Amino acid sequence: MADPIVHMENITKHFGPVIALNGVSFDVKAGECHCLLGDNGAGKSTFIKTMSGVHKPTSGEIMFEGRKMNFASPRDAMEAGIATVYQDLAMIPLMSVTRNFWMGREPKKGFFIDFDKANSTTMSEMKKMGINLRSPDQAVGTLSGGERQTVAIARAVYFGAKVLILDEPTSALGVRQTSNVLATVDRVRKSGIGVVFITHNVRHAMAVGDRFTVLNRGKTLGTAARGEITPEELQDLMAGGQEMAQLEGSLGGTV
Amino acid sequence: MSDNGNGDGGALAAGGPDDERIKKTGGLRQWLIRPELGGIVGVIAVFIFFGVLAGDSGMFNAQGIMNWSQISAQFMIIAVGACMLMVAGEFDLSVGSMIGFAGISIAMFGVVWGWPMWVAILITFAICMGVGAINGVIVVRTGLPSFIVTLAFLFILRGFTIFIPQTVENRTIIGGIEEAAEGDWLAAVFNTDLAGWLFRWLADIGVVDTFSRGTRAGEPVISGIPMLIVWAFVLVIIGHVVLTRTRFGNWIFAVGGDAQAARYVGVPVDRVKIIMFMTTAFCATVFACVQVFEFGSAAADRGILKEFEAIIAVVIGGALLTGGYGSVVGAALGALIFGVVQQGLFFADVESSLFRVFLGVILLFAVILNTYIRRIITGER
């Protein structure tokens with residue numbers, strides 16, 4: 001396979017006395033979906049915030065397309081082509097889909113926003129993602145959680161993201177919405193974008209992932225390609241083995 | 001996935017254009033969720049009400065119209081700033097004190113210290129917008145509610161407004177502004193009557209009355225359109241266009257709608273908020289200038305309670321107290337309702353203290369209506 005777009009090597013991040021990340025290595029290549037799994041508190045959020053420029057790593061290297069990068073802000077990372085879709089902060093509910101879609105990069109005609117262009121582009125991009133909007137003026141608040149994620153993903157893709165980081169996009173969704181979002185992830189990946197998919201749901205990861213990396217207590221426990229690992233093994237790695245095995249036993253293997 | 005009924009609750013009818021769980025929304029409903037709705041209904045209601053109650057009292061002749069138009073224009077000027085700030089998710093309770101402070105500042109520089117009036121005006125604008133910026137910086141840096149920060153400035157500014165003229169001049173009302181502003185170009189921007197010819201013509205054809213005695217006998221009772229009204233219209237139009245048609249306006253909505261989400265897509269949240277605090281201060285200073293040059297004096301007790309009147313006008317105009325939604329045109333309609341009712345009660349010879357009762361009642365109704373509208377927009381249940 002090709003060289004990775006983003007390569008993070010041995011990242012550590014300390015918040016005062018707390019060691020949030022203690023040597024995490026991770027990369028993502030064009031056209032793949034690399035799942036980052038971990039239980040709550042494993043350091044997933046800290047890690048993606050480091051990747052998207054919100055936090056600066058205490059030590060370690062971030063390579064973007066082979067060059068060493070030092071993102072000062074989320075804006076820097078965004079300009080380089082790393083787009084992040086946050087779980088619940090992706091959209092502004094009271095504003096229209098168009099206004100959300102173009103937020104921060106509004107097309108201008110002279111002094112004003114070019115609403116003709118903004119509206120028509122939004123409608124057609126949404127259609128590509130399988131969402132038929134009633135009107136581009138529709139407030140994002142009227143969309144379902146899955147649709148909001150999809151709008152945010154469409155936005156990132158339209159603005160030329162090379163790497164798309166999805167922070168638990170499916171964790172608050174129903175069954176059908178989840179499959180829609182997973183289908184979108186698949187479509188995005190096939191268009192040649194590298195997807196970083198953060199989740200603690202092994203089934204969702206298995207549905208779209210090409211590679212899987214498990215994070216536990218601030219450390220990567222290793223990366224496996226599709227077919228090299230079973231869902232049960234992933235689950236065990238995430239939860240830290242022993243304890244989980246007992247719990248699973250008492251729950252009859254349903255978790 | 002044969003179960004179409006288990007839809008996504010929105011417009012995502014994957015594959016099909018229609019989702020049977022989405023009710024068709026008619027044009028009426030589209031109209032209902034416009035922020036200006038409450039304002040429009042309110043304006044119609046107060047005009048009918050006073051048309052019946054005070055129709056023959058002179059409220060709707062040229063003089064009467066000019067009377068409530070001026071009062072409404074005053075409210076509009078501060079409502080524009082308050083509206084944009086509220087859309088950006090913040091309040092400014094120091095507006096009223098700022099009005100008093102700005103007036104005294106102009107009087108101190110322009111009259112007491114004898115500087116040219118235009119210099120006094122410009123310095124006052126700089127100081128007040130500076131205070132607005134301080135308000136904004138404290139709010140964004142500390143993350144404290146703007147309610148508390150600007151409440152502090154309500155007292156700080158009012159205190160200085162009394163302390164400074166008291167210490168320097170041993171009085172809290174400073175007159176002589178008219179003389180000091182004589183022939184000053186910038187003072188004229190706040191205190192000129194435009195289109196005097198129109199009213200002389202209207203007087204000639206008998207639409208407008210003329211003075212029957214005194215030094216101005218024969219002149220029309222309305223000498224022109226006051227700059228106050230021009231300022232109000234210009235600010236409303238600029239505010240509306242900036243808010244709805246420009247990139248910066250989009251950011252104002254975003255900052256008030258969800259500051260964190262806005263920050264993640266690269267909107268300079270802090271800068272937008274600080275600029276909005278400065279805009280509010282600018283509007284308060286415009287109000288002070290117009291008032292000072294009209295009265296010919298500045299007094300330390302001017303502007304009391306104006307911050308609340310501005311906020312009420314904005315809320316009647318459909319803005320949400322929580323930010324992210326509102327309309328400058330709506331706020332202007334709210335201000336118009338204010339002016340018409342305040343003066344209408346006077347024309348109708350109703351006890352003017354009832355104006356406050358009205359304020360409280362209409363505020364309550366407006367907030368309830370707005371909450372309902374927000375539920376419709378966001379689909380909350």
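Arg217(A) is placed in the loop between β11 (211-216) and β12 (219-225) of chain A, where helices (H or I, at least four residues) and strands (E, at least two) are DSSP runs numbered from the N terminus. The structure is a predicted model, in which local features need pLDDT of at least 70 and side-chain atom pairs count only at pLDDT 80 or more, whereas totals for chains, interfaces and linings use all residues. Residues are numbered from 1 along each chain as its sequence is written, chains are lettered from A and ligands numbered from 1 in the order in which they are written, and side-chain values use heavy atoms, with hydrogens and water left out.

Most residues other than glycine have a negative phi. Arg217(A), although not a glycine, has a positive phi of about 50°, and with a relative accessibility of 75% this residue counts as exposed (buried means under 20% relative accessible area, exposed over 50%, and partly exposed in between, with a 1.4 Å probe and protein chains only). A positive phi, of about 45°, is also found at Glu168(A), which is not a glycine. Glu168(A) lies in the loop between β9 (163-167) and α6 (175-190) of chain A, and is buried, with a relative accessible area of 11%.

Another loop of chain A, between β8 (112-113) and α4 (115-128), holds Asp114(A), which is buried at a relative accessible area of 13%. When its neighbours within four places in sequence are left aside, Asp114(A) is in contact (heavy atoms within 4.5 Å) with Pro107(A), Lys108(A) and Lys109(A).

A disulfide is defined as a pair of cysteine sulfur atoms within 2.5 Å, and by this rule the count over all chains is 0. For Cys35(A), the closest cysteine sulfur is that of Cys33(A), at 4.1 Å, which is too far for a bond. Cys289(B) is likewise in no disulfide, as the nearest cysteine sulfur, in Cys128(B), is 8.4 Å away. Cys35(A) is buried, with a relative accessible area of 0%, and Cys289(B) is buried, also with a value of 0%.

In chain B, helix α2 (residues 37-54) contains Ile44(B), a residue that is partly exposed, with a relative accessible area of 49%. Together with Ile40(B), Ile48(B) and Val52(B), Ile44(B) makes a nonpolar surface patch of about 390 Å². Patches are made of residues with over 30% relative accessible area and no salt bridge, like charges being joined within 9 Å and nonpolar side chains (Val, Leu, Ile, Met, Phe, Trp, Tyr) within 5 Å; a salt bridge is a side-chain nitrogen of Lys or Arg within 4 Å of a carboxyl oxygen of Asp or Glu. Accessible areas come from the Shrake-Rupley method with a 1.4 Å probe, and for residues only the protein chains shown count as cover.
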